[in-house]
Amino acid sequence: MRIAELSTPELRHAQPDAQSDPLTSQIESLIKQFETIPVTHPSPELSQLASDLRRCLSQLAERAPFPNSLKLHLWKLSYRLWNSCVDHSNASSIRSSSSSSEDQANLRHVAADMLSLAGSAAGVPSPETKTAFFYYKTGIIWHNLKRFDLASNCFEKATEIISKVDVGTVKDAGQRKLFLDLQIARSRTAWEVSDQILAVTLLHRSKCLLFGSSDHYIALANQYLAFGKSILETNKGNEAHCFKEALKLMNDALDLCEKAFSIARMRRETVNLKGLKSKILRFIAAVHLQMEEYENVIKCVRILRESEGGGDNHPSLPVLAMKAWLGLGRHDEAEKELRGMVVNKGIPEGVWVSAVEAYFQSAGTAGAETAKGVFLGLLGRCHVSAAAAVTVVHRVIGGNSGSCGDLDGSRVRAKVVAELVSDDRVVALFAGDVTAKERNAMHALLWNCAAGHFQLKDYETSAEMFEKSMLFLPCDIEDRVVRAKGFRVLCLCHLGLSQLDRAEEYINEAQKLEPNIAGAFLKFKVYLQKNDHNAAINQIQAMTACLDFAPDFLLLSAHEAVACHVLPVAVASLSNLLNFYVLGKSTATSEVVVLRTLITILSQDTGNEPEVVKFIKHANDRASEMGIDCYFGKDEVAARELKWFAVTSWNFGTSAGKMKNYVLCAEFLRLASNFYSLLADMQGEEHSLMLCKSLIFTVCAMIALENERKAPLIEIEVKQVLELLERAGKILKLLSTRMQLNGDEDAALEPDFNFIYTYSAYDIHGRVNDSRSQQILVKNFVGSKACTPSYLLQIGLAASQGPRPNPEVAFFALSQCLSQLVSSVSPDYHNVSLIVRKLITITSIYKGDTDDDAVYDVYKQAYRIMIGLKEGEYPTEEGKWLVTTAWNRAAIPIRVGQIDVAKKWMKVGIELAGLVPGTETYRACMEDFIQGFDKKFSQHQ
């Protein structure tokens with residue numbers, strides 16, 4: 001504000017002398033220059049002007065002391081400079097500029113220094129007070145500009161100047177107010193530079209400058225309160241210490257208010273004091289609340305409510321009281337305070353929302369119903385914003401709703417929230433575009449709550465919360481996707497609750513809004529759980545027609561079907577997936593893994609062998625088409641996959657063989673041989689043994705199928721079998737060589753397989769009339785370790801009978817068999833007798849009279865075998881057969897006159913009869929016949 005120009009007789013008489021001084025003239029010139037600058041266009045040269053003025057003052061100070069006329073002139077110049085600064089300041093307030101403000105503060109500071117330099121002058125009343133006032137106002141400006149060093153300097157100079165004044169003699173109210181304001185301003189500046197001790201000390205000193213004025217008491221009390229609030233706001237270091245310091249300052253403020261009541265005379269003063277006291281008490285209560293001194297909070301609130309004039313009804317009191325009661329554990333009292341807020345229309349929305357949050361945080365789940373009731377009550381009495389509804393719901397739901405350990409509590413909270421948000425008045429709060437942000441927030445809160453319960457498999461609560469979340473979605477085209485997503489999750493919830501019809505309704509609605517693969521898959525799940533297998537299989541086809549279809553959904557469908565133990569649906573899903581591989585579409589899962597899964601599923605039920613062989617053959621064909629590395633993978637991966645298919649084929653093949661399903665057996669084993677062949681190519685001879693077995697068993701299965709059908713193999717099939725046997729023979733030769741060179745017994749084929757190979761190969765070679773190969777096969781077998789009399793007997797019998805007999809092989813095999821049997825520790829004479837009979841029969845039939853000695857040798861060998869045997873050890877009937885057939889062989893020679901030949905056979909017969917028990921009568925007759933025969937032929941001779 002401007003200050004009235006000095007106008008005294010002394011000043012008027014002294015001006016001519018003072019103006020003749022060159023320094024004062026220069027100062028006046030500079031001031032005039034400043035006065036001529038338009039107030040609306042502040043000059044950037046103000047800083048230089050202030051510097052020039054300060055320089056002039058410095059030069060003038062060297063001439064002190066001054067005559068009274070010069071002092072008066074300086075006072076006038078100071079006033080002119082001050083008033084010009086005020087004018088510029090008022091004009092520049094429209095255009096805020098920190099640099100301009102600092103320049104004007106500098107000029108004000110020069111004006112104050114000019115008064116200080118002039119000192120007391122005759123004719124100027126209260127010069128110390130006026131000078132102090134200039135410094136006080138300048139200090140205030142520096143303080144506002146946050147130049148606290150300069151502000152402190154001004155306040156200290158002002159304090160120094162008025163310290164010369166006797167306070168007791170000051171009667172002017174304005175001067176008294178200046179003394180107090182100066183101390184308070186100096187204290188404020190000290191506080192800003194963190195010199196809190198000095199600041200508080202200065203406030204304490206100010207108590208001597210109250211002069212019995214209630215306004216002074218209020219001003220000082222307000223400053224104590226401001227310092228207390230500042231400590232709470234900064235709250236640095238030890239919290240307990242900060243609270244105590246703040247409380248101490250606020251108590252000082254409260255004490256000042258109490259003292260002021262005794263001196264207040266006017267109603268205005270009493271009202272102001274009462275308002276300040278209430279404010280201080282509320283802050284004291286808040287500090288006690290922070291310090292958890294809840295009883296003191298209740299006392300403060302009670303004092304405020306019971307004060308004269310109807311008490312204090314400030315909106316913060318119910319909140320303070322409620323929190324204090326909560327701290328004391330008295331929830332009933334806290335609930336009363338909370339419900340009382342409903343009828344208090346003066347409580348702002350933010351206050352009661354904060355109160356609801358505090359109450360619920362303390363009371364927990366038990367307070368959910370109360371929170372809901374308070375909120376709905378508030379809806380009936382005042383305008384409630386959508387943001388407040390979001391805040392209350394967020395507090396009731398809790399930050400980790402649905403994912404914490406207290407599942408029952410979460411359910412209760414969710415139920416309360418569901419009832420709250422479904423109220424028509426709450427839903428109406430979110431209508432319109434203005435509340436779009438809050439509507440999205442509410443939807444997100446309810447959605448996340450539902451998702452949390454879904455993760456805990458609390459599908460009932462989850463479904464309810466998802467339904468409520470959809471109340472906060474606008475029914476426009478843009479939110480169709482979100483609404484469809486809501487219907488899909490509701491479908492999942494009702495699937496979890498086994499409410500399949502409702503689940504189907506929801507997914508149908510979702511597909512109407514946004515047809516996509518996710519909805520199609522959920523529909524598949526519904527059909528699956530309803531055991532509608534045909535519909536589920538048809539839905540698989542519908543899934544493939546979706547625009548956003550991905551083949552991985554078929555794999556997922558298969559997993560779902562397996563989990564529901566509906567294997568036909570799983571097979572259908574994976575079968576469809578295989579078609580995409582054929583078309584060249586890539587998926588995250590390789591084709592070979594899909595095939596393995598498919599075969600594993602099919603293998604769980606019997607009767608699926610035809611399907612299994614189809615898919616294994618598919619794998620074999622695809623591998624041939626694409627190459628091993630591309631289809632099965634590389635290195636160890638490929639080896640592992642090939643081994644799985646090989647072993648699976650082998651197991652299915654052997655199982656089919658046991659079930660006498662020779663068609664499948666042959667097919668499986670042929671595939672097994674293909675896979676083992678690939679393994680052998682990849683890893684060397686490690687799998688040669690199983691390859692050989694697979695080849696041999698494949699041939700056996702084909703021969704067994706021929707016998708079962710009673711239809712011989714056609715020519716092309718015989719050639720295929722020969723090729724298989726040729727491969728097996730080569731492998732057998734390699735294995736035999738490896739065993740001989742390395743002594744590797746593991747490389748040897750089991751005797752049974754060696755025999756089966758020989759027996760089968762013999763049979764097939766016989767079909768193409770390759771008797772030489774048959775002989776080589778049997779000779780090789782006889783020379784192997786796998787050869788046993790039993791195997792030789794079977795080969796010999798097979799070669800001696802059937803449609804394609806081979807007497808040479810039969811004789812060789814049976815002879816070798818007989819030799820091995822006789823040379824064993826405990827020969828099986830039953831088989832010996834059988835072989836002897838077969839040898840005699842073969843020799844007799846295929847060699848006849850041309851080789852009578854060969855037949856004779858067999859009889860003689862039988863004789864030598866029987867010598868020394870116990871009675872009955874050699875089958876008696878076979879012995880009798882030998883005796884009879886040997887004796888009868890003499891009949892024809894006798895008729896044709898071959899006496900010597902006849903005697904040879906009769907001798908063999910009688911010799912054998914001597915070794916066979918029960919033939920004594922035969923032997924006696926034979927001896928009598930021989931005697932008569934000898935006499936008869938001796939007479940002729």
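Analyst: Start with helices: a helix is a DSSP run of H or I with at least four residues, a strand is a run of E with at least two, and both are numbered from the N terminus. Val356, for one, lies in helix α16.

The model is predicted, so local features need pLDDT of at least 70 and side-chain atom pairs count only at pLDDT 80 or more, while totals for chains, interfaces and linings use all residues. Residues are numbered from 1 along each chain as its sequence is written, and side-chain values use heavy atoms, with hydrogens and water left out.

Here is the setting for the rings. The protein has 45 helices and zero strands. Its C-alpha trace spans about 210 × 65 × 55 Å along the principal axes. The radius of gyration is 61 Å, but a compact globule of 941 residues would have one near 30 Å. That radius is taken over C-alpha atoms, and the globule rule is 2.2 Å times the number of residues to the power 0.38.

Now the rings themselves. A ring pair is described by the distance of the centres and the angle of the planes. Rings of Phe, Tyr and Trp (its six-membered ring) pair if their centres lie within 6.5 Å; planes under 30 degrees apart count as stacked, over 60 as edge-to-face and the rest as tilted. By this rule the protein has 28 aromatic pairs.

Take Phe697 and Phe753. Their ring centres are 4.9 Å apart and their planes stand at 35 degrees, so this pair is tilted. Phe697 sits in helix α34 (residues 688-709) and Phe753 in helix α36 (residues 751-767), so the pair ties together parts that are 56 residues apart in sequence.

Phe697 has 23% relative accessibility, so Phe697 counts as partly exposed. Phe753 has 12%, so Phe753 counts as buried.

Next comes a stacked pair. Phe755 and Tyr791 lie 4.3 Å centre to centre, with 10 degrees between the planes. Phe755 belongs to helix α36 and Tyr791 to helix α38 (residues 789-800), so this pair ties together parts that are 36 residues apart in sequence. Both Phe755 and Tyr791 are buried.

Rings can also link up in groups. Tyr631, Phe632, Trp644, Phe645 and Phe675 form a cluster joined by ring pairs.

In the protein, 48% of the 941 residues are buried. Go back to helix α16, where Val356 lies. Val356 has a relative accessible area of 2%, so Val356 is buried. Val356 and Val319 are 37 residues apart in sequence and 9.1 Å apart in space, C-alpha to C-alpha. Gly350 lies in helix α16 too, which covers residues 349-363. Gly350 has 52% relative accessibility, so Gly350 counts as exposed.

Thr138 lies in helix α6 (residues 127-144). Its relative accessibility is 0%, so Thr138 counts as buried. Leaving out residues up to four places away in sequence, Thr138 touches Trp82, Ala105, Arg108, His109, Ala112 and Cys154. Across the protein, take contacts between residues at least 6 apart in sequence: 65% of them join residues at least 24 apart.

Conventions: Buried < 20%, exposed > 50% of the residue type's maximum accessible area, 1.4 Å probe, protein only. Contact = heavy atoms within 4.5 Å.
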